[in-house]
Amino acid sequence: MKTASKLAIALGGVSLFAFAPMAWAQNQSAPAASDAPEKEVEVVIVTGTSRSRVALDTPLAVTQLNAQALSRLSSGGQADILNSVPTIKADGGGGEVAANIFVKGLPSGGQYQFTPLMYDGITVLSSFGLNSSAYDVYYRNDLGVQRLEFVRGGVSNLFGPGSVAGLINYISKKGGDSYQGVAQVEVAEEGRVRGDFAVSGPISENLFYAVSGFYRSDKGPLDTNLDTVGGQIRGNLDYRFGDGSGSVTLSGQYIDDQAQFYLPIPLNGASRERLVGNDGQIVNSVQNDFGPSLGFKTPTGNFVSEINDGVATTGGLVALSFDKSFGDSGWAANGRIKYSDYKHKFGLFSDGDGVINVPETLQSFLTNRGLGSTANANFTFVGGGTVAANSLLFANRFTDRVRPAEDFTTEVNLTKGFVTGAMDHSVTLGAFYGNASAGDYNVTTTYLAELNNRPRLVNLVVTNGAAQTIVSRNGLLNAGAGYVNNRHEAERYAGYFADQIKIGEKFNLDIGFRVEKLMGNISRERTATVVTDSTTANLSTALRDVIWGNGAFTKGKVSTTEWAGAIGGLYKATDRVSLYANFSRGYFFPELRSVSFNSLFQPSTFKAEIINQGEIGLKMNMKRVSLTLAGLATSLDNRRQVLFVNDGAGGFTEKVNLVGTESYAVEGTIDYKITSNLRFSGNMTLQSNQYSAFDSNTALIGKDVERQPGFLYNAGLYYDDGKWDASLFTNFTGSNYTSSSNTILLDEWNIVNLDLGYTMPIGNQTARFSLNVYNLTDEDAVTEGSPRQDNNQAANGAFFVGRPVLPRRIMARVTYSF
């Protein structure tokens, strides 16, 4: 069904597929339906504001999800949650972590490039672009999260780390006057077992605690013979002043976790469905437990891959936050300080060898590399056995990425409330400082394997007369195909001012200004080809010569200063209906990894990327229905778009394009209380986004921004009578292009999720037994093509490399609340 017809159905009133699922909590904190009062509970927002405000009174777009909604959306990770937020497209086909987050038509490779990820107002990492790891590899959600707030545009986005495109902020639970706890056990197909807990309560009259965490072991959702295992623990101690004037909170997190990450795989070129391998089984993954067997000699010793660990993170953070009001003076202060240190590795199986990139017959593999015919070639499996003559091979790569990260962040706000005439002011004068550093040490290895799910490695020896050439040894096809050793440090100083004004009973006005300076230090090791194994004469050149660092580093410094401003106004037509508009001029600092050096080792210019955006909208919170409708316009100039692409010789390069974009969108949300126990909730985004500038290829100006669909929606029905609950919700992503050339269009797809639960009282406690089904219809769609091939990917071959939607998965949970 085409997008237009689906939109017609949506607007025609087919409730299940009308708007997109906000999981019934778009504009409400969504208590159980049986407990809901006649007038819906108003959402109170604390993100990016000097004092908490009702969402209906804020002249900007606000999305909030409560703990109940989060628990039913988070089966696979951040992507499942953020996909339900208007104007955000989140790709979760890679697994639990490293979700690709795209926001309102802006050009990106994903990875939270425009939307800082925060917990309790503290950014996970104060600067993005020190490497390409996403924020969610460092910090995970658990049962200790109370709610999510996503605030887009306006003055609120000038606070803290700042981003006028939006702030993602998870609010943690804190202890109260009584002891409370919840424990949960989750089991699923492919050997998944997960345990979660969250407990909180008082320690003394003014001191409270909250602790939460999880541990899980998992073989899936794609069985790669590699483990996803580990967990996290975090918590806070909250001291509240006896006079009610504020609190001081000490919080911390420790994580020790590894999760497998899935990249695009070969698919059928015509249907773009999963292939059948040589053994007759469906190919869901080309990963397997063979990384350590592909070691090789280097100038600094033997290299042994740790690709089996996947995305592995060990470390944590400690933070201190405070808020204090000073009597009747109207003055108050709040602030936070954080230090984090993570040891992080990102093992990345790629999507081809960087040269051919698709499956090959034995003869085509030889022909494509000038190695003669199969009559002179001996293909054998590592561990024994001959490769059948009709087999398909897939030469592929993986990259060991070692990425330690360290961050120090602090923010202090001084606020003052006062009245002048009919205007009630809430003024904030704030400062933000961040100092983040990260390493980016990458070694790429090319190997030869069969085309199977969990493939075996292949040896290849070619004989011509008396000469014998070892092309693949122990499956190793190209030792050290790529090498990178970078380190980046970003230091940020920001000051901001905001006045959030209430004018009588009808008008609210926000104005704000931010100025910031970033200074970056860049250190990059140069590389050279080093012959590492000349003792064996019949090794292929790829096995002899390893691309490696030569010990010389290019170092440079960059800096820039930029400003942002915002203004927003809201008119309350009635107590339940508001009209609002906002405009902002903001900036993003170029990723430090995008900085290049000329022949004199001087860094390229470092100019901020300017984003202008405007929004006008309507908010309504009635007795049974809440809805919003908004129009958005955004322009982004001087964007340094960084793409991780093939270099044509088996390695990778970070290609940088200087681009501009323009985007326009219409967004709607609805939450309708059908009965006291049943509600419908959804949202919908229609958007148009094009390149307005493209330095490396002006022919791409006017093309659609890649990986940005024109139509997104979520929709769901939610039932809860206090004993039985059921949720059926769907996420629809419209067709979108794989690259800026707009030559390959991916079809739209729809992910349906089901959650069923029964809550049983046990004295004053409860136990909930639930079943969650992700991708109920087992949709088999492609979320992305091959980003490594970028505009060079072919659309009409026998094979197509792409990342499919993760398959259907059934999870059972028992949740005990006490």
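A: Tyr339 is partly exposed in this predicted model, its relative accessible area being 34%, and Tyr339 lies in strand 19. Because a patch takes in residues with over 30% relative accessible area and no salt bridge, that 34% places Tyr339 above the accessibility cut-off. Tyr339 belongs to a nonpolar surface patch together with Ile203, Leu237, Leu250, Val318, Leu320, Ile337 and Phe408, with about 640 Å² of accessible area together. Strand 18 (311–325) and strand 19 (331–349) each contribute at least two residues to this patch.

Turning to charged side chains, Asp341 is partly exposed at a relative accessible area of 28%, and Asp341 forms a salt bridge with Lys343 in which the closest N and O atoms are 3.3 Å apart.

Another salt bridge brings together the side chains of Asp725 and Arg768, at 2.7 Å from N to O. This pair connects distant parts of the chain, with Asp725 in strand 36 (residues 724–733) and Arg768 in strand 40 (residues 765–774), 43 residues apart. Asp725 is buried, with a relative accessible area of 5%, and Arg768 also counts as buried, at 15% relative accessibility.

Salt bridges that share partners unite Glu96, Arg140, Glu186, Arg192, Arg216, Asp218, Asp257, Arg809 and Arg813 in one network. Within the structure as a whole, a search finds 48 salt bridges. One of them joins the side chains of Glu186 and Arg813, at 2.6 Å from N to O, and this pair links strand 10 (residues 180–188) with strand 43 (residues 809–817) across 627 residues. Both Glu186 and Arg813 are buried.

Key:
Residues are numbered from 1 along each chain as its sequence is written. This is a predicted model: local features need pLDDT of at least 70, side-chain atom pairs count only at pLDDT 80 or more; totals for chains, interfaces and linings use all residues. Side-chain values use heavy atoms; hydrogens and water are left out. Patches are made of residues with over 30% relative accessible area and no salt bridge: like charges are joined within 9 Å, nonpolar side chains (Val, Leu, Ile, Met, Phe, Trp, Tyr) within 5 Å. Accessible areas come from the Shrake-Rupley method with a 1.4 Å probe; for residues, only the protein chains shown count as cover. A salt bridge is a side-chain nitrogen of Lys or Arg within 4 Å of a carboxyl oxygen of Asp or Glu. Helices (H or I, at least four residues) and strands (E, at least two) are DSSP runs, numbered from the N terminus. Buried means under 20% relative accessible area, exposed over 50%, partly exposed in between (1.4 Å probe, protein chains only).
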